[in-house]
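Colleague: I am new to this one. Could you walk me through how to read it, feature by feature?

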Amino acid sequence: MLLENKKLLITGVLTDDSIAWHTARVAQEEGAEIVCTGFGRGLRLTERSVQRLPVECEVLELDINDPDHMASVASTLDDKWGRIDGALHAIAFAPDDALGGNFLSTPAESAQTAFTVSAFSYKTLAVGLLPLMEKAGGGSLVTLDFDNTQAWPAYDWMGVAKSALQSVTRYLARDLGPHNVRVNAVSAGPLTTVAAKSIPGFSRFDDVWGERSPLRWDTSDPDPVARMVCVLLSDWAPMTSGEIVHVDGGFHAVAAGVPPEDGS
């Protein structure tokens, strides 16, 4: 199996329609042992969601902005496994006034929040888990991205934060490579997760993908994204680091959709 004997941390699990939950599911099906994290009021949702995994797993609380939480998670994993082979970073947030067409009026504090939670936190997670990955002889980190080589309606400062996340990925790959730790991002097409539904105007993303994606993109199916995350967490990508892997039906590669066969 692809992830046999791997010990993995999956952050950001909320409901069973999330990319993080499906990554946890696929990882278990491929032989991994996992621990999931939740946070705050969503922690109970996480605890209920893991009951629907193939094997119910332990849930730890992780507020990525609280150093004590990060230290506690690392300590618990050290006691439990003595090492960690990889982790999924599925953590992002932007205040309401940083989304929905408010780009010009967003206060600096809200933009800073979007950056800290959605991009800087990847570095926080990496540094917190590094001693455990060194005990494993190396590891793999993967984050969830959304392509922001173009400006999107309503995405605003979350788009800026995701662009920063790509840069954080490259710098982490540079600095963690000597520790035999690979760092990558998966840029997913739009999916109807709880997080996506909170973005004003999300339905427009669905419309655009339907027009342009060369492969039929199903916004209700996180499985293709979860599978790519698991490939990057496995030993099948031993020399891939600093990469942004698109799982978006090929949308990012084409400027316009294929016209109908009848030419209309």
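**Reading the fold**

Modeller: Start with a helix pair. Helix 4 (residues 108-135) packs with helix 5 at an angle of about 20°, and their axes are 8 Å apart. Keep in mind that this is a predicted model.

Colleague: Why give an angle and a distance?

Modeller: Two packed helices are described by the angle between their axes and the distance between the axes. Angles under 35 degrees count as roughly parallel. Helix 4 and helix 5 are therefore roughly parallel to each other. Their crossing is right-handed.

Colleague: Which residues in helix 4 and helix 5 meet?

Modeller: From helix 4, the list includes Ala111, Phe115, Tyr122 and Leu130. From helix 5, it includes Trp157, Ala161, Leu165 and Leu176.

Colleague: Now the sheet. What is the order of the strands?

Modeller: The order is 3-2-1-4-5-6-7. The sheet is open, has 7 strands and pairs them in parallel. Strand 3 (58-61) and strand 7 are the edges. Each has a single partner strand, so one side of each lacks a neighbour in the sheet. From one strand to the next, the twist averages 20°.

Colleague: How many bridges join strand 4 to strand 5?

Modeller: There are 4 bridges, and the two strands run parallel.

Colleague: Which strands does helix 5 lie across?

Modeller: Helix 5 (residues 156-176) lies across strand 4, strand 5, strand 6 and strand 7. It runs at about 170° to strand 5. Helix 8 also packs on the sheet, touching strand 1, strand 4, strand 5, strand 6 and strand 7. The direction of helix 8 makes about 170° with that of strand 6.

Colleague: Which residues of helix 8 are buried?

Modeller: In helix 8 (residues 223-233), they are Asp223, Val225, Ala226, Val229, Cys230, Leu232 and Leu233. Their cover includes helix 1 (19-29), strand 1 (7-10) and strand 6 (181-188).

Colleague: Is Cys36 buried or exposed?

Modeller: Buried means under 20% relative accessible area. Cys36 has 0% relative accessibility, so it counts as buried. Cys230 is buried too, with a relative accessible area of 1%.

Colleague: Where does Arg212 lie?

Modeller: Arg212 is in helix 7 (residues 202-212). At 17% relative accessibility, it counts as buried. Beyond its neighbours up to four places away in sequence, Arg212 touches Gln150, Phe251, Val254, Ala255, Ala256 and Gly257. Arg212 and Asp248 are 36 residues apart in sequence and 11 Å apart in space, C-alpha to C-alpha.

Colleague: And where does Thr219 lie?

Modeller: Thr219 is in the loop between helix 7 and helix 8. Its relative accessibility is 12%, so Thr219 counts as buried. Setting aside neighbours within four places in sequence, Thr219 is in contact with Pro190, Leu191, Thr192 and Asp206.

Conventions:
Residues numbered from 1 in each chain as written. Predicted model: local features only at pLDDT ≥ 70, side-chain atom pairs only at ≥ 80, totals over all residues. Heavy atoms only, no water. Buried < 20%, exposed > 50% of the residue type's maximum accessible area, 1.4 Å probe, protein only. Contact = heavy atoms within 4.5 Å. Pairing = 2+ DSSP bridges. Axes fitted to C-alpha atoms, helices over the stretch in contact; angles between N-to-C directions. Parallel < 35°, antiparallel > 145°, perpendicular 65-115°, else oblique. Left-handed = near helix turned anticlockwise from the far one by under 90°.
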